[in-house]
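Colleague: Could you walk me through the charged pairs in this one? I'd like to go slowly.

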Amino acid sequence: QNSLDAFFISEKLKDACEMFIRNKLLKANYSIQLLEAVEKKVKDNLEKYSQIPSVAIYYQIYQMLVYDDAPYFHQLIPILEKYIHHFQIIEQRSIYDYAQNFCIARINEGDEIFLAELFKLYQAQLMTDLLLEKGYLLEWHYKNIVTVGLRLQEFDWVLEFIEDFKESLHPDVFQNAYRYNLAAYCYDTLQYQRVLDLLGQVEFKDIRYSLGAKSILLRTYYDLEEYTALESHSHAFKVYLNRNKLISDYRKKGFYHLIKFTERLAKLKEDLAFISPQKTHHKLSKIQADIEASEPIFNKKWLLDKVKGFL
């Protein structure tokens, strides 16, 4: 009877987590019968149920989802570390997904403290091969880990990861994934010529690679002060966005803003010798205000950093 109760409670909580996400994504109105009674049962007997892995984890995940507050995430992590090995591989990945998605949502809201938390979650999964599927590391896990590591400026770790895990990629995607992510690393470590060399070897079959590579190239040309190349690339980038029907309007708008403000900063740099410092400062202030007011906008932090370091 005790085992049956624990099974019933954990399954109700697990379903509640899934339904909460579906309601949020699909604007549905799923409800879980007896959930209120299950929550009360666990809350009133927390010491007992905290010793049952499936109840402890899904109760804490549900609290984190419902209250959407950082303390619930931080309370989940030690429970996850203690009990995750009790679950099958597929369910372990699902549990980590809840934690990762919470971090990503917080990062998207501007709370960059959660970059470090997301980084630790990826590292924990790498140590237990949870990110491998059929023996291969998915290229998008590879890319996401590199992106998070670079944002944290963990440059040595990122380079080691890129090299150590390149052989874990599927042969069909190995070359593109390796070169693209190495180019991203080289950009952040100011190796601009190597960025151009690597991205020149990437085949843009996937939209995500294409958009990412075009964004890196745009920023590289700006940093190299290659304004003719920047102008040509910006025009081609806008044509690509306009013609590609698979790119969402949200993403198109975000990249259009990136291109527009990069062009405005480049034009101002070209005009520095011909306008007064007062006029330069006025134009720069206007660009900064426009950047801060524009949504969506990709690489917003990069743009604002370029404004701050303009002179």
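Modeller: A salt bridge here is a side-chain nitrogen of Lys or Arg within 4 Å of a carboxyl oxygen of Asp or Glu. This is a predicted model, in which local features need pLDDT of at least 70 and side-chain atom pairs count only at pLDDT 80 or more, while totals for chains, interfaces and linings use all residues. Residues are numbered from 1 along each chain as its sequence is written, and side-chain values use heavy atoms, with hydrogens and water left out.

Colleague: How many salt bridges are in the whole structure?

Modeller: The search finds 17 salt bridges; among them is the pair Lys120 and Glu117, with N to O at 3.7 Å.

Colleague: And where do Lys120 and Glu117 lie?

Modeller: Both belong to helix H7 (residues 113-127), 3 residues apart, or about one turn of the helix; helices (H or I, at least four residues) are DSSP runs, numbered from the N terminus.

Colleague: Is Glu117 buried or exposed?

Modeller: Glu117 counts as buried because its relative accessibility is 15%, whereas Lys120, at 47%, is partly exposed; buried means under 20% relative accessible area, exposed over 50%, and partly exposed in between (1.4 Å probe, protein chains only).

Colleague: Switching topic, which parts of the chain does the Asp223 and Lys306 pair link?

Modeller: Their side chains meet in a salt bridge at 2.8 Å, N to O, and the pair links distant parts of the chain, with Asp223 in helix H12 (residues 207-223) and Lys306 in helix H16 (residues 300-308), 83 residues apart. Asp223 is buried at 19% relative accessibility, while Lys306 is partly exposed at 22%.

Notes: Helices (H or I, at least four residues) and strands (E, at least two) are DSSP runs, numbered from the N terminus.
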